[in-house]
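Please look at the sequence and the model first.

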Amino acid sequence: MGRFWILIFFSLFTFLSPSYGYDPMDPNGNITIKWDILQWSTSTYDARVSIINYQLYRHIEAPGWRLSWTWPEDEVIWDMWGALARDQGNCSRFKGKQLPYCCEKRPLIIDRGPGTPYNKQVANCCRDGLLTSMIQDPSKHGSAFQMNVGTASNNVSYATMPRNFSLGVPGYTCGDPFLVPPSRFSEEGGRRWTQALMTWNVSCSYSQFLASTAPTCCVSLSAFYNSTIVPCPQCSCGCQGIPGTKCAKPGESPLLLPQEDGQQQDLVRCSNHMCPIRVHWHVKTSYREYWRVKITITNLNLVKNYSAWNLVLLHPNLQSLTQVFSFNYGALNEHGSINDTGMFWGINHYNELLLQAGESGNVQTEMLLHKDAGIFTFRDGWAFPRKISFNGDQCVMPPPDQYPRLPNTASSPSQRLCFIFFFSFSVLVML
């Protein structure tokens with residue numbers, strides 16, 4: 001019997017492990033690193049490395065991916081196109097006029113920018129490490145670079161794949177390489193096809209628990225039929241006064257110093273929830289056959305702008321969404337005919353950039369939904385979303401018992417007794 005409870009405890013512990021990254025709203029989402037061997041000689045080989053984002057709504061934002069791996073032997077990189085190796089490393093083993101481009105055992109590769117010289121570009125390169133999601137912009141959800149690889153002994157009898165891949169983006173964990181059918185490449189407008197000599201894939205999955213020790217967004221609620229505004233739950237993303245928690249009070253302008261990678265540490269406005277992002281859902285109007293909702297996303301982060309942001313929400317009435325104002329929208333039909341999950345994102349050159357905290361640090365939209373017969377109701381919190389995620393991270397929702405409720409128009413038994421008592425007392429006074 002004791003072993004049984006030990007097994008149950010171990011199973012629960014494994015299930016709740018922070019590395020658990022399964023997302024029911026995007027069950028097949030991952031980032032794939034594709035390693036193609038294009039040419040091979042006795043001393044070097046050419047490899048094309050592609051980073052492809054197969055996630056429906058998660059994207060890689062600034063500062064972008066920073067790919068690294070560990071060479072199995074004494075490999076070096078002789079040249080590279082479409083990306084940069086940050087450090088050359090120790091190349092003292094090589095004698096002569098030309099030294100390798102990178103001799104690091106674990107090279108760190110960063111993407112080039114759009115202004116890269118043409119002789120250093122390859123197809124789908126030079127995007128500053130940014131990858132969009134598949135729904136937002138399928139044309140920019142992948143990036144690639146090419147390199148010439150050799151060894152210190154100038155003997156490449158076989159290609160051994162590196163190990164310990166890392167994207168350099170918080171929350172992502174990469175597995176071991178595995179051999180797949182060789183990639184095929186189109187030439188001459190699709191009239192000719194070539195293929196790689198060998199191809200390996202590396203799958204990288206995301207876990208919100210690994211990305212951050214605390215949530216990064218919260219949800220507040222309100223409705224036209226109730227004067228109560230339900231705020232974000234207290235301490236949703238942190239609590240004021242706890243050691244290590246920093247925030248700026250209104251009117252403060254603290255000195256912010258950049259970190260080693262050039263990025264500034266996040267600093268949020270002091271609040272009861274301490275979240276950098278707040279999403280507000282307001283049930284605005286009810287018509288005969290339709291109802292209207294206003295969504296406002298507020299950035300409370302003083303140092304960060306969110307580019308190519310997106311919002312994913314779960315609500316049963318999304319199957320009858322009629323119109324969305326000011327945002328783009330796409331349905332996430334990952335479970336057959338069940339259409340209750342949708343993705344919202346900004347319109348290019350209008351509101352695709354969510355600015356840092358301040359007067360302009362918010363974006364908002366309204367949407368019109370049809371009242372589905374048999375399921376629509378304003379009672380019991382049905383009009384509010386079941387789940388909301390911002391940039392792929394789930395937001396903290398208020399508890400259901402705090403949702404704005406319909407006013408009770410019928411008088412309660414206690415109210416009726418008070419009225420009878422007051423009326424009887426008034427009659428006695430008059431007599």
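A disulfide here is a pair of cysteine sulfur atoms within 2.5 Å. The structure is a predicted model, where local features need pLDDT of at least 70, side-chain atom pairs count only at pLDDT 80 or more, and totals for chains, interfaces and linings use all residues. Residues are numbered from 1 along each chain as its sequence is written, and side-chain values use heavy atoms, without hydrogens and water. The structure holds eight disulfides.

**Cys-125 and Cys-126**
- Cys-125 and Cys-126 form a disulfide, S to S 2.3 Å.
- The torsion about their S-S bond is about -70°, so this disulfide is left-handed.
- Cys-125 is buried at 9% relative accessibility (buried means under 20% relative accessible area, exposed over 50%, partly exposed in between, with a 1.4 Å probe and protein chains only).
- Cys-126 is also buried, at 7%.

**Cys-218 and Cys-232**
- A disulfide links Cys-218 with Cys-232, S to S 2.2 Å.
- This link is right-handed, with 80° about the S-S bond.
- Cys-218 sits in strand 14 (residues 217-223) and Cys-232 in the loop between strand 15 (226-230) and strand 16 (247-248), so the pair ties together parts 14 residues apart in sequence.
- Strands (E, at least two residues) are DSSP runs, numbered from the N terminus.
- Cys-218 is buried at 0% relative accessible area, and Cys-232 is buried at 3%.

**Cys-235 and Cys-239**
- Cys-235 is joined to Cys-239, S to S 2.0 Å.
- Their link is right-handed, with 135° about the S-S bond.
- Cys-235 is partly exposed at 30% relative accessibility.

**Cys-102**
- The closest cysteine sulfur to that of Cys-102 is in Cys-103, at 6.7 Å, too far for a bond.
- Cys-102 is buried, with a relative accessible area of 1%.

Technical notes:
Helices (H or I, at least four residues) and strands (E, at least two) are DSSP runs, numbered from the N terminus.
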